[in-house]
Amino acid sequence: MTEIKFYDNIDDALLKFAVIISKTSGKWVFCKHKDRNTLEVPGGHREPGEDILDTAKRELYEETGALDFAIKPICVYSVTDKNNFDGEETFGMLYFAEIHSFEKELHSEIEKIIITDTLPNNWTYPLIQPKLLAETKRRGIIS
């Protein structure tokens, strides 16, 4: 079973991931990885010594090609799953970004970005990312 929790803050050293709920011109921005047939929210692992906001900005650029954007923190989230990280609770920072412009080409493992009015049915992380999106809505960041 996968358990998702939300926190307003936590010790920065515990944050391992940044996930960025993203929109452009009122539409959702999702990524399609080259090796998968599913869609996901931009995000990824924090590098050693990296500020978590810098992680979010780097991942947003790498996975969507976002050049000009406004980004803000929403909350800390955690995931506990017996099949990942030895069942230990892992923490990430959830952000929201409004993307104003994109680079013409992607330079990462992401095959393409999808800009859409609707949410996907084929999530890469169906037990996690829809809950992150729902929490973003619950907090009034998006409607």
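1. Val19 stands opposite Leu94 in β6. This is a predicted model, in which local features need pLDDT of at least 70, side-chain atom pairs count only at pLDDT 80 or more, and totals for chains, interfaces and linings use all residues. Residues are numbered from 1 along each chain as its sequence is written, and side-chain values use heavy atoms, with hydrogens and water left out. Strands (E, at least two residues) and helices (H or I, at least four) are DSSP runs numbered from the N terminus.

2. The pairing of β2 with β6. Strand β2 covers residues 15-24 and strand β6 covers residues 90-102; the two pair in the parallel sense over eight bridges. Two strands are taken to pair if DSSP finds at least two bridges between them. Besides the position of Val19 opposite Leu94, Ser22 has Ala97 as its bridge partner in β6.

3. Other partners of β2. With β4, strand β2 pairs in the antiparallel sense over three bridges, and Phe17 has His45 as its bridge partner there. β2 and β3 form a hairpin with two residues between them, and Ser25 in the turn has a positive phi of about 50°.

4. Burial of β2. Nine of the ten residues of β2 are buried, so the strand is mostly covered (buried means under 20% relative accessible area, exposed over 50%, partly exposed in between, with a 1.4 Å probe and protein chains only). In a regular strand the side chains alternate between the two faces of the sheet.

5. Ser22. This residue is in strand β2 and counts as buried because its relative accessibility is 2%. The side chain of Ser22 reaches the backbone oxygen of Ile20 at 3.1 Å. That is a polar contact, meaning a pair of N or O atoms within 3.5 Å; within protein, one must be able to donate a hydrogen and the other to accept it, and residues adjacent in sequence count only if both atoms are side-chain atoms. Leaving aside neighbours within four places in sequence, Ser22 is in contact (heavy atoms within 4.5 Å) with Lys27, Trp28, Val29, Pro42, Leu60, Ala97 and Ile99. Among these, Ala97 is also the bridge partner of Ser22 in β6.

6. Lys27. Is Lys27 buried or partly exposed? Lys27 counts as partly exposed because its relative accessibility is 33%. Lys27 lies in strand β3, residues 27-33. Apart from neighbours within four places in sequence, Lys27 is in contact with Ser22, Ile115, Thr116 and Asp117. Lys137 is 110 residues from Lys27 along the chain, and their C-alpha atoms are separated by 14 Å.

7. The pairing of β5 with β6. Strand β5, residues 66-81, runs antiparallel to β6, and twelve bridges join them. Phe69 stands opposite Ile99 in β6. Ile99 is also one of the residues in contact with Ser22.

8. Ser78. Which residue's side chain makes a polar contact with the side chain of Ser78? That residue is Glu89, at 2.7 Å. Ser78 lies in strand β5 and is buried because its relative accessible area is 0%. Beyond neighbours within four places in sequence, Ser78 is in contact with Glu3, Ile4, Lys5, Tyr7, Glu89, Thr90 and Phe91. Lys5 is 73 residues from Ser78 in sequence, yet the C-alpha to C-alpha separation is 5.2 Å.

9. Thr90. This residue is found in strand β6 and counts as buried because its relative accessibility is 7%. Leaving aside neighbours within four places in sequence, Thr90 is in contact with Phe17, Tyr77, Ser78, Val79 and Phe85.

10. The largest pocket. Its volume is about 480 Å³. A pocket is an open set of points on a 1 Å grid over the protein atoms alone, where a 1.4 Å probe fits and protein lies on both sides within 12 Å along at least five of seven lines; lining residues have an atom within 4 Å of a point. Grid points are joined across faces, edges and corners, and the volume is the space filled by probe spheres set on the points. Of the 23 lining residues, the closest to the centre are Phe17, His45, Tyr77, Tyr125 and Ile128. β2, β4 (43-45), β5 and α2 (129-138) are the elements that give two or more residues to the lining. The largest share, four residues, comes from β5.

11. Lining by class. The lining of the largest pocket has nine nonpolar, eight polar and six charged residues. Ala, Val, Leu, Ile, Met, Phe, Trp, Tyr, Cys and Pro count as nonpolar, Asp, Glu, Lys and Arg as charged, and the others, Gly among them, as polar.
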